[in-house]
Amino acid sequence: MFNGQDLLLALALAITALFFGWLTDEFGWSFFLALAAWTGMQFREQRRLDIWSRHPLRRPDNDLLSWQAISNRLFRSLKQARNRTHNAIDGLQALRMVTETLPDAAIVLRANGDIDDLNEAAGRVLNLQHKDRGQSLAALVRQPEFIALARAKIDDDLVEFTSPLNESVRLEARRVQMAEGRSLLLVRDVTELNRLLSMRQDFIANVSHELRTPLTVIVGYIETLLSEDLDRATTLELIEKLRSPTTRMRALVDDLLLLTRLESSPNPGRDELSFVDLRTLIKAIANDGNALSAGRHRIISSIESDAMVIGIEHELLSAFLNLLTNAVRYSPDGGEIEVRWTDIDGGARFSISDQGIGIPAEHLSRITERFYRVDLAKSRVRGGTGLGLAIVKHVLKRHNSELQIVSELNNGSTFYCDIPESQLNRTSDISQEINT
Ligand code: ADP
């Protein structure tokens, strides 16, 4: 406790006491006064130490003679401890921020099944709040599969169950064992993922089914051709019959490839775009429509706008031809079909109206889904692949537009899309640079 300074001071006081004792011949009083001075000084220092100890993270006073080394050491180690605590708090806060921003619910359970900690997403996903810490999870979430997982009562560490908050939402929970009997439960919404997975399964099933039907017909004809002793005329007749299913298969594969390309391509870049003259395009599709109709329908073209579309010509051609082909396919003989290109507020509208069989209202919201048909048999007989409107939807999306349908059962339909002004060129100067 004593340092060099203390010893010097004590020595100085002792010499002074000796000197005064020698001068006055009162050694007793002299030493008594020196001792009193020493005690006073120690008392004063203790008071300062007491004051400093109330805020030990302030640098200690230089006047602390005896205690200076100790208080300095104490001050330094307290400062280091404080820095370490700050770093640990920063680390914890960063970790909490990560768990709070997680889209999935994260719940830490104690060994007895009480909630130790949880993040904000637990509120959205399971309606659990921070105030629920310390409560039993089983009492708050009444979902037997989930609770069985939380209690490790099942072999799997993954379980799927219906959300307790919304019956149409499916949740997936994963359990991770932690130290000291604790466990971490991660819960996420898998409704969209399930929907995509089942869409993919449906798609594969549909494609297989669509290809299988014409293939079965082809195989049937080939077996007849091989098994029977046929004359040349019958052989040629059978071979001719192979044309329809093979054409159908080719149409299906072509549409599938086009759809896949459209779905996987990013939006068209500037160098892919050109000014598409709808006058020429409508003439071309009307010709094809007339060839398909073979005079059974009257196809009228009304071109009332000279706006050109800034887009990809072959995609627009394919989309608009699909709509016209459908109008021909689903209209009875003698029906009138009008193809129209006209100016509207904020852009131009392409529309195809027919007087055909129409679409029941309940089918309208799903009609652009792949392979969705109102009447599968009618669509097949008329040569449809079930992918036409899905292709149209994607092409229009790539041109900042959307397919709209107005239809009345047995009274005809109008399929139209509004092309925004930003996607049009009205200068009729084809050499002008595209500004998109
Ligand atoms: P498809 O190749 O079967 O025609 P689409 O995707 O082009 O496939 O059309 C989907 C379904 O929408 C068709 O099967 C048909 O039921 C209905 N549909 C499309 N266009 C018309 C129309 N103009 N009139 C009536 N129904 C239509």
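**H399 and other sites in a predicted model**

Modeller: In this predicted model, H399 touches V309, I310, G311, I312, E315, L316, P420 and Q423, leaving aside residues up to four places away in sequence. H399 sits in the loop between α13 (388-397) and β11 (404-408).

Biologist: Why is H399 called buried?

Modeller: Buried means under 20% relative accessible area. H399 has 0% relative accessibility, so H399 counts as buried.

Biologist: What makes the pair of V395 and H399 a polar contact?

Modeller: The limit for a pair of N or O atoms is 3.5 Å. A polar side-chain atom of H399 lies 2.9 Å from the backbone oxygen of V395, and 2.9 Å is within that limit.

Biologist: How do you know whether A179 is buried or exposed?

Modeller: Exposed means over 50% relative accessible area. A179 has 56%, so A179 is exposed. A179 belongs to the loop between β4 (170-177) and β5 (183-189).

Biologist: Why are α8 and α9 called roughly parallel?

Modeller: Angles under 35 degrees count as roughly parallel. Helix α8 (residues 232-241) and helix α9 (residues 243-264) pack at about 20°, their axes 4 Å apart. The two helices are therefore roughly parallel to each other.

Biologist: Which residues meet where α8 packs on α9?

Modeller: On the α8 side they are I239, E240 and K241, and on the α9 side R243, S244 and P245. By class, this contact has 2 nonpolar, 1 polar and 3 charged residues.

Conventions. Residues numbered from 1 in each chain as written. Predicted model: local features only at pLDDT ≥ 70, side-chain atom pairs only at ≥ 80, totals over all residues. Heavy atoms only, no water. Axes fitted to C-alpha atoms, helices over the stretch in contact; angles between N-to-C directions. Parallel < 35°, antiparallel > 145°, perpendicular 65-115°, else oblique. Contact = heavy atoms within 4.5 Å. Nonpolar A, V, L, I, M, F, W, Y, C, P; charged D, E, K, R; others polar. Buried < 20%, exposed > 50% of the residue type's maximum accessible area, 1.4 Å probe, protein only. Polar contact = N/O pair within 3.5 Å; in protein donor to acceptor, adjacent residues only side chain to side chain.
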